[in-house]
Amino acid sequence: MKIDHISLKYETGLPLKILDQTRIPHHEDWVECLTLDEMVDAIKKLKVRGAPLIGLSANFYLASIADKGLGIDYLMKASKALEESRPTAVNLIHYMRKFRELLSKMESQSWVENWAFEQWEADRLASEKMGTLGATLVKPGANLLTHCNTGGLAAAGNGTAFSVLKKSHDLFGDISVYVDETRPLLQGGRLTTWELKKQGVPFKLITDNMAASLMSMGKVDAVFVGADRIAANGDAANKIGTYGLAVLCKYHNIPFYIVAPEKTIDPELESGSGIPIEQRNRDEVRGWNENLWAPDCETYNPAFDVTPANLITAWVTEKGIMRDENIKQGVFKNLKI
Ligand code: MRU
């Protein structure tokens, strides 16, 4: 069994390999995740990132060690350590809980690899479906804006919001994309531009503080972003800066869409106020490596913010385009993950 994806490679009997996303676009280094510490470190340092891909790579890591005779206790411990590596994205939590539930029921561990592949395939199909559904919201010639990275570097297939951009490009040929650079870690500037270039989708990179001005000039027709966790009432956590974009969209009367698979929904959380928001190292804000432009500052550095449901025009999942009325009827709340 084999996966050869833009950001992850897995083959039976071999260690999981991930593309080190901290090195993109200048270097395409593939890193082997041999030990649990290496895998947890890769997730914490964002070598592998994006809500779906974090979870899927944790599944493949467990598949790569499941037949090594380490014992159930060790696998339980490993899945807990993986689950705790980043707190906001819920896909990882869903997968790790399911893994432990199955582990406690099964006699051997031969199922783990098949299970990891099934989750991968489900995410890949969800990506295709979201792309097709999301593109029905786009008009030929549209100027779209996106934030962070939501493509194959963040999920299986073409990802979530990115899949809508790609599908719209394939259908109409004349859409263009504004890419928010996405401070502080530049997932838009470094990763989304890299992926859009590879896929031949025309784009312009902007700094995050340029979106308002573009909108005021009528140059943005819709915003498509992903999510890390969606509460039962539709509130959605995504990369810091997403909430600001949603507020701007409301003011300028521009549709704001969340694109995410059902695995990103947390039916147990009533509202977004319960979503744990990861706080990250101050050096991400003060500068990078030797280039600390603000060396003596305390910082505030949340990795995500929460956009309230009333600012979201629609949620695109693999099951359909959900509107406010669907959410109120309990479509997320009643979901069985
Ligand atoms: O901190 P990151 O880079 O893992 O954050 C990623 C995002 O916020 C994405 O928008 C989200 O995971 C959706 S990706 C399909």
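Trainee: Buried means under 20% relative accessible area, exposed over 50% and partly exposed in between (1.4 Å probe, protein chains only). Is Leu186 buried or exposed?

Mentor: Leu186 is buried, as its relative accessible area is 16%. Keep in mind that this is a predicted model, where local features need pLDDT of at least 70 and side-chain atom pairs count only at pLDDT 80 or more, while totals for chains, interfaces and linings use all residues. Residues are numbered from 1 along each chain as its sequence is written, and side-chain values use heavy atoms, leaving out hydrogens and water.

Trainee: What's the phi of Leu186?

Mentor: Positive, about 60 degrees, although Leu186 is not a glycine. Leu186 is in the loop between E6 and H7; helices (H or I, at least four residues) and strands (E, at least two) are DSSP runs, numbered from the N terminus.

Trainee: Which other residue has a positive phi although it is not a glycine?

Mentor: Look at Asn253, again with phi of about 60 degrees. Asn253 lies in the loop between helix H9 (242-252) and strand E11 (256-259), and its relative accessibility of 71% makes it exposed.

Trainee: What is 99 residues along the chain from Leu185 and how far away is its C-alpha?

Mentor: Glu284, and the two C-alpha atoms are separated by 6.8 Å. Glu284 belongs to helix H10 (residues 283-286) and is buried, at 11% relative accessibility.

Trainee: Switching topic, how many disulfides does the structure hold?

Mentor: Zero, taking a disulfide as a pair of cysteine sulfur atoms within 2.5 Å. For Cys33, the nearest cysteine sulfur is that of Cys148, 20 Å away. For Cys148, the nearest is that of Cys249, at 16 Å.

Trainee: Are Cys33 and Cys148 buried or exposed?

Mentor: Cys33 is buried, with a relative accessible area of 2%, and Cys148 is buried with 6%.

Trainee: On to the ligand. Which residues come nearest?

Mentor: Arg49, Arg86, Asp228, Asn238 and Lys239, out of 18 residues around the ligand (a heavy atom within 4 Å).

Trainee: What polar atoms lie by its oxygen atoms?

Mentor: A polar contact is a pair of N or O atoms within 3.5 Å. A polar side-chain atom of Lys239 is 2.7 Å from a ligand oxygen. A side-chain N or O atom of Asp228 is 2.8 Å from a ligand oxygen, and for Ala51 it is a backbone N or O atom at 2.8 Å.

Trainee: How much of the ligand does the protein bury?

Mentor: The ligand alone exposes 420 Å², and the protein buries 100% of that (Shrake-Rupley method, 1.4 Å probe).

Trainee: Where does that leave the ligand: what kind of space does it take?

Mentor: The largest cavity. A cavity is a set of points on a 1 Å grid over the protein atoms alone where a 1.4 Å probe fits but cannot get out, and a molecule sits in one if more than half of its atoms lie within 2 Å of its grid points.

Trainee: Which elements give two or more residues to the shell around the ligand?

Mentor: Helix H2 (51-66) and strand E10 (236-239).

Definitions and conventions. A polar contact is a pair of N or O atoms within 3.5 Å; within protein, one must be able to donate a hydrogen and the other to accept it, and residues adjacent in sequence count only if both atoms are side-chain atoms. On a 1 Å grid over the protein atoms alone, a cavity is a set of points where a 1.4 Å probe fits but cannot get out, and a pocket is an open set with protein on both sides within 12 Å along at least five of seven lines; lining residues have an atom within 4 Å of a point.
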